[in-house]
Amino acid sequence: MNENLDLTKILKYCPKGWKFWSSIFGEVEFDQIVESINFKNLKYVNIKKNNVTWSFYSDATFPIDNIKSDEILLYP
């Protein structure tokens, strides 16, 4: 995994609704970038599918039971 990957910087000007692929959700749409209220340096990429929103970490991994996934799970 690329430790320097930061989707929040890459997707800074991404239009809402842009299509992405997730190996756990299939085709999804970009919603927004969200900064954590508790941790200033922690940002998330929110994606939507069927009006349900999920948050991915900025390195394209996904929180599963409060544990960071080992693999990248969100692709352009």
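The structure is a predicted model, in which local features need pLDDT of at least 70, side-chain atom pairs count only at pLDDT 80 or more, and totals for chains, interfaces and linings use all residues. Residues are numbered from 1 along each chain as its sequence is written, and side-chain values use heavy atoms, with hydrogens and water left out.

Along the sequence, the elements follow the pattern α-β-β-β-β-β-β-β. For 76 residues, a compact globule would have a radius of gyration near 11 Å, and the 12 Å of the protein chain agrees with this. That radius is taken over C-alpha atoms, and the globule rule is 2.2 Å times the number of residues to the power 0.38. Along the principal axes, the C-alpha atoms fill a box of roughly 25 × 25 × 20 Å.

The protein chain exposes about 5500 Å², of which carbon and sulfur atoms supply 50%. Accessible areas come from the Shrake-Rupley method with a 1.4 Å probe, and for residues only the protein chains shown count as cover. Of the 76 residues, 33% count as buried. Buried means under 20% relative accessible area, exposed means over 50%, and partly exposed lies in between (1.4 Å probe, protein chains only). Among contacts with a sequence separation of 6 or more, 30% come from residues 24 or more positions apart; a contact means heavy atoms within 4.5 Å.

Five strands form an open sheet in the order β4-β3-β2-β1-β7, with antiparallel pairing. The edge strands are β4 and β7 (74–75), each of which pairs on one side only. Two strands are taken to pair if DSSP finds at least two bridges between them. In general, strands of a sheet pair through backbone hydrogen bonds, either parallel or antiparallel.

Strand β1 (residues 19–22) pairs with β2 in the antiparallel sense over four bridges, and a hairpin joins β1 to β2 through three residues. Within this pair, K19 stands opposite E29 in β2, while F20 has V28 in β2 as its bridge partner. Strands β2 and β3 run antiparallel and are joined by six bridges; I33 stands opposite V45 in β3. Six bridges also link strand β3 (residues 43–49) to strand β4 (residues 52–57) in the antiparallel sense. These two strands form a hairpin with two residues between them.

K48 is found in strand β3, and its bridge partner in β4 is T53. At 31% relative accessibility, K48 counts as partly exposed. Apart from neighbours within four places in sequence, K48 is in contact with V28, E29, D31 and T53. K48 and Q32 are 16 residues apart in sequence, and their C-alpha atoms are 9.4 Å apart.

The largest nonpolar core has 14 residues, of which L11, F20, V45, I47, F56 and L74 touch the most other members. β2 (26–35) and β3 each supply at least two residues of this core. A nonpolar core is a set of buried Ala, Val, Leu, Ile, Met, Phe, Trp, Tyr and Cys residues joined through side-chain atoms within 4.5 Å. With residues up to four places away in sequence not counted, F56 touches S22, F25, K43, Y44, V45, I47, T61, F62, L73 and L74.

T61, one of the residues touched by F56, lies in the loop between β4 and β5 (63–64). T61 is buried, with a relative accessible area of 0%. Its side chain makes a polar contact with the side chain of D59 (2.6 Å). A polar contact is a pair of N or O atoms within 3.5 Å; within protein, one must be able to donate a hydrogen and the other to accept it, and residues adjacent in sequence count only if both atoms are side-chain atoms.

Most residues other than glycine have a negative phi. N50 has a positive phi of about 55° although it is not a glycine. N50 is in the loop between β3 and β4 and, at 68% relative accessibility, counts as exposed. A60, also not a glycine, has a positive phi of about 75°. A60 is found in the loop between β4 and β5, and at 1% relative accessibility A60 counts as buried.
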